[in-house]
Amino acid sequence: MHVHDTTGVIHVESPTQRDFTLGQLFGEWGVKLTANCVGRYCGHVKWWVNGKRITGDPAQLILRSHQEIAIAAGPPPLVVPKSYKFPQGE
């Protein structure tokens with residue numbers, strides 16, 4: 001799992017077909033991700049998938065193709081993205 005650039009598009013390349021989680025990606029970066037913490041920030045963490053507010057631990061989110069994932073540490077954004085125009089072939 002990796003990202004190529006600042007767009008944040010996650011690429012999963014594996015010879016084995018299995019589920020991968022958002023927590024695994026953050027683990028690759030060495031960044032803590034829990035229901036209450038993102039990195040060193042711990043407090044009010046909120047998160048969304050495709051514009052829908054989700055509760056629980058974002059680290060447990062199973063990654064699926066073309067998800068728009070937003071995480072807010074602290075005050076939530078005024079506008080939460082619902083979709084992303086992925087480049088062809090992504």
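Which residue in β6 is the bridge partner of V49? In this predicted model, the bridge partner of V49 in β6 is K52, and the close-up views below set that pairing in its surroundings.

**View 1. An open sheet of three strands, in the order β6-β5-β7.** The pairing throughout this sheet is antiparallel. The edge strands are β6, covering residues 52-54, and β7, covering residues 69-73, and each of them pairs on one side only. From one strand to the next, the twist averages 30°. Strands of a sheet pair through backbone hydrogen bonds, which may be arranged in either a parallel or an antiparallel way.

**View 2. Strand β5 and its pairing with β7.** Strand β5 comprises residues 45-49, and five bridges join it to β7, the two strands running antiparallel. Within this pairing, W47 stands opposite I71 in β7. Is β5 largely enclosed by the rest of the structure, or is it largely open? Four of the five residues of β5 are buried, and the strand is therefore largely enclosed by the rest of the structure.

**View 3. The hairpin formed by β5 and β6.** Strands β5 and β6 pair in the antiparallel sense over three bridges, and two residues lie between them in the hairpin. In the turn, N50 has a positive phi of about 55°. Along the paired strands, V49 has K52 as its bridge partner in β6, while W48 stands opposite R53 in β6.

View 4. The structure holds two aromatic pairs. In the pair shown here, the ring centres of F26 and W29 are 5.2 Å apart and the ring planes stand at 55°, so the pair is tilted. With a relative accessibility of 11%, F26 counts as buried, whereas W29, at 44% relative accessibility, counts as partly exposed.

**View 5. Aromatic pair Y84 and F86.** The ring centres of Y84 and F86 are 4.9 Å apart, and their planes stand at 80°, so this pair is edge-to-face. At 33% relative accessibility, Y84 counts as partly exposed.

Definitions and conventions:
Residues numbered from 1 in each chain as written. Predicted model: local features only at pLDDT ≥ 70, side-chain atom pairs only at ≥ 80, totals over all residues. Heavy atoms only, no water. Pairing = 2+ DSSP bridges. Axes fitted to C-alpha atoms, helices over the stretch in contact; angles between N-to-C directions. Buried < 20%, exposed > 50% of the residue type's maximum accessible area, 1.4 Å probe, protein only. Phe/Tyr/Trp six-rings, centres within 6.5 Å; stacked < 30°, edge-to-face > 60°.
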